Amino acid sequence: MRSMKLALFALVVAGGCKPGDFGAALDKAPVRYIGVPEGFGFAAGLTLVPLAPPDDKPKVAARLLFAGPDVQSLGLADFDGDGKPQIQIAASDELTDLGLPVGQGGITSGAWMNGPSTAGTILLGMPNVATVAGQPVPAGRVAYLNPSADAGGKEAFAAARIPQDGPSTFGAPGTQPRGHFGIAVAHGLVTQAVSDEAVVVSDNGVHVLGAGMVSTTCTGAIATPTDLYRSLAVENFLSDGNQEIAVGAPVEGGTGQVYILQYGPNPANPSVASELFCARTFGVPDPAGNPAVGEFGTSLAAVSHPGGVADLVVSAPPDRVYLFYGDGLRSPKTFTNGNPASDFGRRVALVDIDGDGIKELAVSATQADVGSTKRAGQVLVYKLDGDGTTPIAMINEGNPINSTEFFGIGLAELEFNSSRACAPKGTDAHVLVAGASAGIFTYFRFAGTADPTTAIAPDPRCFAQP
């Protein structure tokens with residue numbers, strides 16, 4: 001296991017535990033490292049999809065899907081109560097069944113879908129797959145993956161793939177096929193409130209795959225970033241009805257844009273009963289003299305509020321992350337570390353790192369120097385209601401493989417189901433997962449005691465309060 005370091009600042013823990021006690025306990029907590037499996041290529045930690053533990057493996061407390069974006073690769077990590085990962089890698093024939101021909105790139109995004117028609121389904125975006133012979137820009141593909149245990153107990157990567165979204169052309173016959181279909185994927189209840197739907201981005205628009213296929217080009221031709229990464233968030237940003245889609249276009253117009261797409265009657269097109277249209281469009285709030293201009297919308301995260309509209313986190317590297325309240329437009333709050341060279345804001349995620357039931361904001365700075373190591377990468381954690389400049393934690397790998405580790409290139413929250421590993425008194429643990437070019441790291445947070453005078457005594461097996 002490789003060494004890790006965690007620097008903590010003024011952190012208040014649920015239950016009244018002292019910040020120093022929390023830091024000491026977390027230093028002793030198990031930190032796991034998943035090295036890049038052979039053949040995964042560069043940036044193996046970019047695509048991270050937390051999944052529910054499988055029904056047929058009662059001792060597995062958490063499950064994580066990971067994939068390589070530049071080569072054909074797909075892996076699955078099952079964690080037991082101690083946090084030890086058991087890794088399975090998809091075989092070449094399984095990747096072929098998934099629709100990943102050799103030499104056509106890998107998986108850049110994924111989403112865990114649920115609902116009556118897609119229970120237990122993983123949606124994968126593969127924008128570099130060439131589905132049309134001779135097309136200069138890959139048309140791309142998305143696939144549905146349904147992992148299941150075979151008779152021998154080994155995980156089978158069973159897949160039912162779909163080429164693009166049915167039609168091979170966009171608009172009238174004879175137009176060019178969509179480029180990079182699957183550059184980003186997400187899920188939600190956009191056109192209906194009874195079944196989870198797939199949301200897919202291509203170069204030419206945004207598409208919702210439910211009972212039928214609904215598309216919009218109100219975003220225009222979305223310029224594709226060089227790293228083939230597009231941001232999506234699906235939540236109730238405008239109302240408490242069906243969910244809306246937030247799409248980040250960080251190179252759009254030279255400054256970056258975020259579009260809020262809504263399905264329903266479009267005031268600008270009253271002749272159509274319902275369609276997917278751009279209900280809001282906004283850019284960087286303070287463009288004058290702002291070093292973040294040019295990548296607004298690189299990464300998105302929705303802050304849900306039960307019974308109300310969601311807030312939207314929008315990153316704008318190299319030195320800004322914004323929290324937009326209510327309808328995605330009102331009174332943005334700014335988070336910054338004051339160091340544009342660190343590439344602050346390359347990825348954002350929400351993680352309940354201190355176990356109080358309220359999400360914290362994790363922000364990656366993939367070019368941050370760590371000690372004497374240049375561009376090792378770092379993840380900073382902030383309270384959403386904090387001052388925006390003082391992190392409660394700074395996380396980095398203590399022994400980078402080389403000077404371009406890009407720690408934080410992928411971020412996710414992984415929840416451990418304590419009932420699968422210990423007695424009912426156990427408390428589910430929320431884990432920050434950080435991907436890097438050379439591997440994946442998991443950080444465990446344990447529940448503390450209710451007595452503020454007693455030091456935290458973590459149970460590394462059960463995540464339980466003593």
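User: Definition first: a nonpolar core is a set of buried Ala, Val, Leu, Ile, Met, Phe, Trp, Tyr and Cys residues joined through side-chain atoms within 4.5 Å. Which residues of the largest one touch the most other members?

Analyst: Bear in mind that this is a predicted model. The largest nonpolar core has 18 residues, and Leu65, Leu74, Leu98, Ile107, Leu124 and Leu145 touch the most other members.

User: Which elements supply at least two residues each?

Analyst: S3, S4, S5, helix H2 (92–98), strand S8 (121–126) and strand S9 (141–149) each do. The largest share comes from S8, with three residues.

User: What does isoleucine 107 touch, leaving out residues up to four places away in sequence?

Analyst: Isoleucine 107 touches Thr47, Ala67, Gly68, Pro69, Ser73, Leu74, Leu98, Leu100, Leu124, Gly125 and Met126.

User: How many residues are in the other core that lies apart from it?

Analyst: That other core has 17 residues, among them Ile34, Ala44, Leu48 and Val433.

User: Changing topic: charges. How many salt bridges does a search of the whole structure find?

Analyst: Eight salt bridges turn up. Lys57, Arg63 and Asp78 are linked in a network of them.

User: Are aspartate 78 and lysine 57 buried or exposed?

Analyst: Both aspartate 78 and lysine 57 are buried.

User: Why does aspartate 78 get that label?

Analyst: Aspartate 78 counts as buried because its relative accessible area is 2%, and the cut-off is under 20%. Arginine 63 is buried as well, with a relative accessible area of 4%.

User: Where else is there a salt bridge? What does lysine 383 meet?

Analyst: Lysine 383 meets glutamate 360, side chain to side chain, at 3.0 Å from N to O. Lysine 383 is in strand S25 (residues 378–383) and glutamate 360 in strand S24 (residues 360–365), 23 residues apart. Glutamate 360 is buried, at 0% relative accessible area.

User: On to disulfides. How many does the structure hold?

Analyst: One. The bond joins cysteine 218 to cysteine 278, with S to S at 2.1 Å.

User: Where in the chain do those two cysteines sit?

Analyst: Cysteine 218 is in the loop between strand S14 (213–216) and strand S15 (231–235), and cysteine 278 is in strand S18 (residues 275–282). The pair links distant parts of the chain, 60 residues apart.

User: Which hand does the link have?

Analyst: The link of cysteine 218 and cysteine 278 is right-handed, with 80° about the S-S bond.

User: And why is cysteine 218 called partly exposed?

Analyst: Cysteine 218 is put in that class because its relative accessibility is 33%. Cysteine 278 is also partly exposed, at 22% relative accessible area.

User: S18 came up. What is the strand order in its sheet?

Analyst: The order is S15-S16-S17-S18, an open sheet of four strands with antiparallel pairing. S15 and S18 are the edge strands, each pairing on one side only. From one strand to the next the twist averages 25°.

User: How many bridges do S17 and S18 share?

Analyst: Strand S17 (residues 257–264) pairs with S18 over seven bridges, in the antiparallel sense. Phenylalanine 277 in S18 is the bridge partner of glutamine 262.

User: And the sheet with S14 in it, what order does that one have?

Analyst: That open sheet of four strands runs S11-S12-S13-S14, with antiparallel pairing. Its edge strands are strand S11 (184–188) and S14, and the twist averages 20° from one strand to the next. S11 and strand S12 (residues 197–202) pair over five bridges, with valine 185 facing its bridge partner valine 200 in S12.

User: Last one. How many residues of strand S27 are buried?

Analyst: Six of the seven residues in strand S27 (residues 410–416) are buried. S27 pairs with strand S28 (residues 429–436) in the antiparallel sense over seven bridges, and glutamate 415 stands opposite histidine 430 in S28.

Key: Residues are numbered from 1 along each chain as its sequence is written. This is a predicted model: local features need pLDDT of at least 70, side-chain atom pairs count only at pLDDT 80 or more; totals for chains, interfaces and linings use all residues. Side-chain values use heavy atoms; hydrogens and water are left out. A disulfide is a pair of cysteine sulfur atoms within 2.5 Å. Buried means under 20% relative accessible area, exposed over 50%, partly exposed in between (1.4 Å probe, protein chains only). Two strands pair if DSSP finds at least two bridges between them. Axes are lines fitted to C-alpha atoms, for helices over the stretch in contact, and angles run from 0 to 180 degrees between N-to-C directions. A salt bridge is a side-chain nitrogen of Lys or Arg within 4 Å of a carboxyl oxygen of Asp or Glu. Contact means heavy atoms within 4.5 Å.
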